[in-house]
Amino acid sequence: MSISSISSATSSTSTTSTSDASTLKQLEKQKAKIAAEIQKLSASKGDEKTKQQQLRQLQSQLQQINSQIQQIQSSQTNQSISTSQPTTTAQVSSASIVDVRV
């Protein structure tokens with residue numbers, strides 16, 4: 001069970017989702033850049049052994065980016081699930097209202 005003020009829980013969630021959206025956008029740009037490099041390298045002429053080594057490195061980077069994207073998306077899903085759980089608001093005193101999540 002966690003008890004937090006309503007305003008801090010709301011601002012924390014919106015800040016995190018804005019940060020995640022920015023990070024996702026940056027990762028998608030990196031992913032597109034690496035995919036373009038893979039295509040360019042695949043079409044280039046040169047030493048096959050060197051090309052294969054460079055392709056493996058680029059594909060590894062692409063996998064790492066995909067993994068990061070999945071982690072962020074999973075985190076966002078978990079956050080939206082936890083914020084959509086029913087909450088009980090209890091008035092502790094006439095001056096303070098707290099958000100209690102079970």
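**A salt bridge and its surroundings**

The side chains of Lys51 and Glu48 form a salt bridge, with an N to O distance of 3.4 Å. The structure holds 1 salt bridge. In general terms, side chains of opposite charge can pair when their charged atoms come close. The model is predicted, and the values below are computed from it.

**The pair Lys51 and Glu48**

- Lys51 and Glu48 are 3 residues apart in helix α2, so about one helical turn separates them.
- Glu48 counts as partly exposed, because its relative accessibility is 46% and the exposed class begins over 50%.

- Lys51 has its place in helix α2.
- A polar atom of the Lys51 side chain lies 2.7 Å from the backbone oxygen of Ser44.
- When neighbours within four places in sequence are left aside, Lys51 is in contact with Leu41, Ser42, Ser44 and Gly46.

**Gln68 in helix α2**

- Gln68 is also found in helix α2, which comprises residues 48-84.
- With a relative accessible area of 37%, Gln68 is partly exposed.
- The C-alpha atoms of Gln68 and Thr23 are separated by 9.5 Å, while the two residues are 45 residues apart along the chain.

**The protein chain as a whole**

- The protein chain contains 2 helices and 3 strands.
- The order of these elements, from the N terminus on, is β-α-α-β-β.
- The protein chain has 102 residues, of which 17% count as buried; Lys51 is one of the buried residues.
- Among contacts in the protein chain with a separation of 6 or more, 58% are between residues 24 or more positions apart.
- The protein chain exposes about 7500 Å², and carbon and sulfur atoms supply 51% of this area.

How values were computed:
Residues numbered from 1 in each chain as written. Predicted model: local features only at pLDDT ≥ 70, side-chain atom pairs only at ≥ 80, totals over all residues. Heavy atoms only, no water. Helix = DSSP H or I, 4+ residues; strand = E, 2+ residues; numbered from the N terminus. Buried < 20%, exposed > 50% of the residue type's maximum accessible area, 1.4 Å probe, protein only. Contact = heavy atoms within 4.5 Å. Areas by Shrake-Rupley, 256 points an atom, 1.4 Å probe, with all protein chains shown as cover. Salt bridge = Lys/Arg side-chain N within 4 Å of Asp/Glu carboxyl O. Polar contact = N/O pair within 3.5 Å; in protein donor to acceptor, adjacent residues only side chain to side chain.
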